Amino acid sequence: MVKSLRFVAILIMLLAPVDMARADSAAGAFVGEFADRAISLATDKSKDADTLRSEFTELLDTYFDMPAIGRFLLGRWWRSTSPEDREAYLQAFTDSIVFTYTSRFDDYSGQKLVVDSAREDGRFEIVCSRIVDPNNGQDVRLDWRVIKAGDSHKIVDVIIEGVSMSVTQRQEYASVIQNNGGKVSALIEALNRQMAALKGGS
């Protein structure tokens with residue numbers, strides 16, 4: 001069974017107001033904009049679950065390069081996977097994120113995201129931020145790997161205390177596939193089961 005997507009579990013902590021301390025870069029502003037829109041959606045009690053999921057899917061598509069993230073997570077199996085299974089996998093991957101995240105919209109308890117700075121890292125820009133939690137007084141370092149996409153940007157990874165969530169999830173996906181004879185279909189089934197369980201509890 002695939003565990004809950006960890007970078008989504010981390011992103012749920014971003015349901016918080018944004019303090020743009022020194023975010024004078026376009027990428028920093030882009031991350032802050034995403035967080036603002038996420039909290040607005042998550043705290044809107046007027047929308048039903050289906051509407052929230054639909055709008056959050058649009059939010060992900062706008063701010064994250066979901067196809068690129070999905071390909072990275074599948075790793076070496078992407079090339080050997082049929083077009084049909086690729087499509088099914090990307091759909092299951094996206095759906096599992098949407099259902100995991102929206103099922104935890106009520107978890108917000110006053111955390112605050114502070115965007116501190118941004119730096120170039122090859123073709124990427126790293127937006128450095130921290131989550132300030134008034135409930136325990138501890139800051140959590142959260143970095144965003146952002147790439148230029150036309151006139152805008154796309155988030156391609158979230159790094160929590162130095163650990164890449166994409167790399168961590170890629171390892172978990174690889175474990176599922178390897179434990180099932182190298183079948184990507186087993187991962188798709190696991191993701192769909194995860195989504196069904198979340199949907200059933202909503």
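This is a predicted model: local features need pLDDT of at least 70, side-chain atom pairs count only at pLDDT 80 or more; totals for chains, interfaces and linings use all residues.

A helix's expected span is 1.5 Å times one less than its number of residues.

**Helix α3**
- Helix α3 covers residues 49-63, and its 15 residues should span 21 Å at 1.5 Å a residue; the end C-alpha atoms sit 21 Å apart, so the two agree.
- Which residues of α3 are buried? They are L52, R53, F56, L59, L60 and Y63.
- Looking down the axis of α3, you'd find its buried residues within an arc of 120 degrees, so they line one face of the helix.
- The cover over those buried residues of α3 includes α2 (26-42), α4 (66-74), α6 (83-102) and β5 (152-160).

**Strand β5**
- β5, one of the elements covering α3, is itself mostly covered, with 7 of its 9 residues buried.

**β5 and its partner β4**
- Strand β4 (residues 139-149) runs antiparallel to β5, and 8 bridges join the two.
- Across this pairing, V146 stands opposite I155 in β5.
- β4 and β5 make a hairpin with 2 residues between them, and G150 in the turn has a positive phi of about 65 degrees.

**β5 and its partner β6**
- β5 also pairs with strand β6 (residues 163-164), in the antiparallel sense and over 2 bridges.
- Here I160 stands opposite V163 in β6.
- This hairpin of β5 and β6 has 2 residues between the strands, and E161 takes a positive phi near 50 degrees.

Note on methods: Residues are numbered from 1 along each chain as its sequence is written. Side-chain values use heavy atoms; hydrogens and water are left out. Helices (H or I, at least four residues) and strands (E, at least two) are DSSP runs, numbered from the N terminus. Buried means under 20% relative accessible area, exposed over 50%, partly exposed in between (1.4 Å probe, protein chains only). The arc is that of the directions from the helix axis to the C-beta atoms. Contact means heavy atoms within 4.5 Å. Two strands pair if DSSP finds at least two bridges between them.
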